[in-house]
Amino acid sequence: MTKPKASRKSVYDRILNTASDLFYREGIRNVGIDKIIAESGVAKMSLYNHFKSKDTLIEAWLRQQDEQWCKWLKTTIEQRASHPSEQLLAIFDALREWFEGPDFRGCAFINASVELANPDHPGHRSALEHQQWIYRYIKSLAQAAEISSPEQLARQLLVLVQGAIVVAMMEGSWSTASQAKKAAAMLIQTASKL
């Protein structure tokens, strides 16, 4: 007799949620399949029925993180500002909020790209796709704000976003978001005059 889909999904979710917590907190390379199995309370066969390999699990985790993080970022920015030029700056307010969280340990995607240096690894590709989404999102805001060179501004702000995340993680300081916001304001002001 086969199990109902709901219970299969709960096993999938339990594995993915456990892996998510462990990968983010301890690092991808530091967490083995056996630890995920033990902490999720599932059988090894159940894990491999849902995920062919650890690499498949890493990719699923990063895709889940991407969906959640991107939704959170857009919602947070839209709650803080309505005009696109204000939304560009609100990115850094959202980052500050994230940095101040008790469980902040950097960006799952930056961390993954460092740990998974092989550009052909599915997790590395997922991390790159996430960064490309951020760039496209910033560019869309710059276009809506009628910035003359939205691609250039988006690239500059992406560097500030990524840099602020790395420095905040390394130093344990949320103030990097405020410093990046000041630099972003100057860049936006300059780009608006062109």
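Let's start with a word you'll need throughout: a residue is buried when its relative accessible area is under 20%, exposed when that area is over 50%, and partly exposed in between (1.4 Å probe, protein chains only). What you see above is a predicted model, where local features need pLDDT of at least 70, side-chain atom pairs count only at pLDDT 80 or more, and totals for chains, interfaces and linings use all residues. Residues are numbered from 1 along each chain as its sequence is written, and side-chain values use heavy atoms, with hydrogens and water left out.

**The big picture**

- The protein has 9 helices and 0 strands; both kinds of element are DSSP runs, numbered from the N terminus, with helices being H or I over at least four residues and strands being E over at least two.
- Read from the N terminus, the order is simply α-α-α-α-α-α-α-α-α.
- The C-alpha trace spans about 65 × 35 × 30 Å along its principal axes.
- Of the 194 residues, 44% are buried.
- A contact means heavy atoms within 4.5 Å. Take the contacts between residues at least 6 apart in sequence: 67% of them join residues at least 24 apart.

**Surface and charge**

- Helix α8 covers residues 150-171, which is 22 residues, and reaches 31 Å from first C-alpha to last, close to the 32 Å expected at 1.5 Å a residue. That expected span is 1.5 Å times one less than the number of residues.
- Its buried residues include Leu153, Leu157, Leu160, Val161 and Ala164.
- An α-helix has 3.6 residues a turn, so residues three or four places apart point the same way.
- The buried residues of α8 pack against α5 (84-99), α6, α7 (122-144) and α9 (175-193).
- After α8 comes Gly172, with a positive phi near 65 degrees.
- In the loop between α7 and α8 you'll find Glu146, which is exposed at 70% relative accessibility.
- Glu146 has a positive phi of about 60 degrees although it is not a glycine. Most residues other than glycine have a negative phi.

- Asn111 sits in helix α6 (residues 108-115) and counts as buried at 14% relative accessibility. Beyond its neighbours within four places in sequence, Asn111 is in contact with Arg105, Gly106 and Met169.
- Leu57 belongs to helix α4 (residues 54-80) and is buried, with a relative accessible area of 0%. Setting aside neighbours within four places in sequence, Leu57 has contacts that include Ile15, Phe23, Ile36 and Phe51.
- Leu57 and Val114 are 57 residues apart in sequence and 17 Å apart in space, C-alpha to C-alpha.

**Cysteines**

- A disulfide here is a pair of cysteine sulfur atoms within 2.5 Å, and the count by this rule is 0.
- Cys70 is in no disulfide, and its nearest cysteine sulfur, that of Cys107, is 9.8 Å away.
- Cys70 is buried at 8% relative accessible area, and Cys107 is buried at 6%.
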